[in-house]
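Open the model in a viewer and keep a selection panel at hand.

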Amino acid sequence: MDAANLSAAAAGVALTLRPEACSSSSPSPGGLVASTPGDAALPGREGREPPFSVFVVLVVTLLVLLIAATFLWNLLVLVTILRVRAFHRVPHNLVASTAVSDVLVAALVMPLSLVTELSDGRRWRLGRSLCHVWISFDVLCCTASIWNVAAIALDRYWTITRHLRYTLRTRSRASALMIALTWALSALIALAPLLFGWGEAYDAGLQRCQVSQEPSYAVFSTCGAFYLPLGVVLFVYWKIYKAAKFRFGRGRRAVLPLPATVQVKEAPHEAEMVFAVRRPGLALQRSGDSWREQKEKRAALMVGILIGVFVLCWIPFFLTELISPLCACSLPPIWKSVFLWLGYSNSFFNPLIYTAFNKTYNNAFRSLFTKQR
């Protein structure tokens, strides 16, 4: 009797363990191996973290905060520009265009990217049509944000080097043309795969949604969306630095002859007359040059930081986007995600930079919240 019961229990245990053994060696649909009690004994599995570890929750929380901060800060800039009449002119329309693109990145692109990150194996479960819409908005808004940075740098360059010819009317026309070209070029790059059949963004078999990996489109899109504006902003900032250095040096040399005006000692009465008439004028000119010099230095520093942050945020992503399709190689998914979100973070830094160096924005923010209270 005891032997019969023991043999039946052994058979039951064998039946219950056999599916477990099969499942422990078969991959899940997302490419991950299913979790089993014996995973710790399998080679290569000891370092794998549970699906919702503390680290994952912390990263997701930080990404959600990044999305919310990017949306709210850029929205605050837009509301300020719309409500304050002094901002209804150049260069604030370029800042507004940048804020619009960054708001769209935070509202339409980053949330769906976070959903994809959280899905098993980064699979896209929302269908082919929504995939095309998301990828189109991703390329459109990120490209527009990048080209708006280049437009701000160009406007600052012309302001410093052509301040007599670059009048308010010329500046308004130039900024309107740059904004139109920015969004037109961004739309062309974003819609080229759909209009001309230039690769496919959605892979139904793998449930993947990503920018077309066609090598020719990779060269076209990365050059048009990043490398061309990168060349523009680097060249422009170099010219800004040279022009500002020349103007500031010339301004200092122009003030040096000041002591020569007070050198006459033989005729005290005449010297006093010259001193009384010319000194206030020279003092006023010196303070005016000093104010303009500080303003131009602050503007040049703002453009430099804007360009530096733009390069640091986007260059890792666009290097991989250009190299991967050409060499048929691929980075680990974790690094792709890091580079992608580093690029998205540029939309958070943009409004912080160009408002931190502008006291008018700070005063406008303060008055906006004061009136609301």
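Select Val133 to start: at 41% relative accessibility this residue counts as partly exposed, a class that runs between buried (under 20% relative accessible area) and exposed (over 50%), with a 1.4 Å probe and protein chains only. Val133 sits in helix α4; helices are DSSP runs of H or I with at least four residues, strands are E runs with at least two, and both are numbered from the N terminus. The model is predicted, so local features need pLDDT of at least 70 and side-chain atom pairs count only at pLDDT 80 or more, while totals for chains, interfaces and linings use all residues. Residues are numbered from 1 along each chain as its sequence is written, and side-chain values use heavy atoms, with hydrogens and water left out.

**Nonpolar patch**

The areas come from the Shrake-Rupley method with a 1.4 Å probe, and for residues only the protein chains shown count as cover. Helix α4, residues 128-161, gives the most to the patch, with 3 residues.

Is α4 mostly covered or mostly open? It is mostly covered, with 26 of the 34 residues buried.

Next, colour the largest nonpolar core, which has 74 residues. Such a core is a set of buried Ala, Val, Leu, Ile, Met, Phe, Trp, Tyr and Cys residues joined through side-chain atoms within 4.5 Å. The largest share of this core, 16 residues, is supplied by α4. The residues touching the most other members are Val77, Met110, Ile135, Phe310, Trp314, Trp341 and Tyr344. Centre on Ile135: apart from neighbours within four places in sequence, Ile135 is in contact (heavy atoms within 4.5 Å) with Ala201, Cys209, Gln210 and Val211.

Go to Ser113 in helix α3, residues 92-118. Ser113 is buried, at a relative accessible area of 2%. Which residues does Ser113 contact, leaving aside its neighbours within four places in sequence? They are Trp134, Leu340, Trp341 and Tyr344.

Then pick Thr80, in helix α2 (residues 54-83). Thr80 has a relative accessible area of 1% and is therefore buried. Not counting residues up to four places away in sequence, Thr80 touches Phe87, Ala364, Phe365 and Leu368.

**Salt bridges**

How many salt bridges does the structure hold? There are 4, each defined by a side-chain nitrogen of Lys or Arg within 4 Å of a carboxyl oxygen of Asp or Glu. Three of them can be picked here.

- Glu117 with Arg122: the closest N and O atoms are 2.5 Å apart. Glu117 is partly exposed at 21% relative accessibility, and Arg122 is partly exposed at 29%.
- Asp120 with Arg123: the closest N and O atoms are 3.9 Å apart. Asp120 counts as partly exposed at 31%, whereas Arg123 counts as buried at 14%.
- Arg171 with Asp155: the closest N and O atoms are 2.8 Å apart. Arg171 lies in helix α5 (residues 168-196) and Asp155 in α4, so this pair ties together parts 16 residues apart in sequence. Both Arg171 and Asp155 are buried.

**Gly308 and the whole chain**

Select Gly308 in helix α7, residues 268-327. At 30% relative accessibility, Gly308 is partly exposed. Draw a distance from its C-alpha to that of Val233, 75 residues away along the chain: the separation is 9.8 Å.

Finally, zoom out. The protein chain has 10 helices and 2 strands, in the order α-α-α-α-α-β-β-α-α-α-α-α. Of its 373 residues, 37% count as buried. Among contacts with a separation of 6 or more, 77% are between residues 24 or more positions apart. The chain exposes about 21900 Å², and carbon and sulfur atoms supply 68% of that area.
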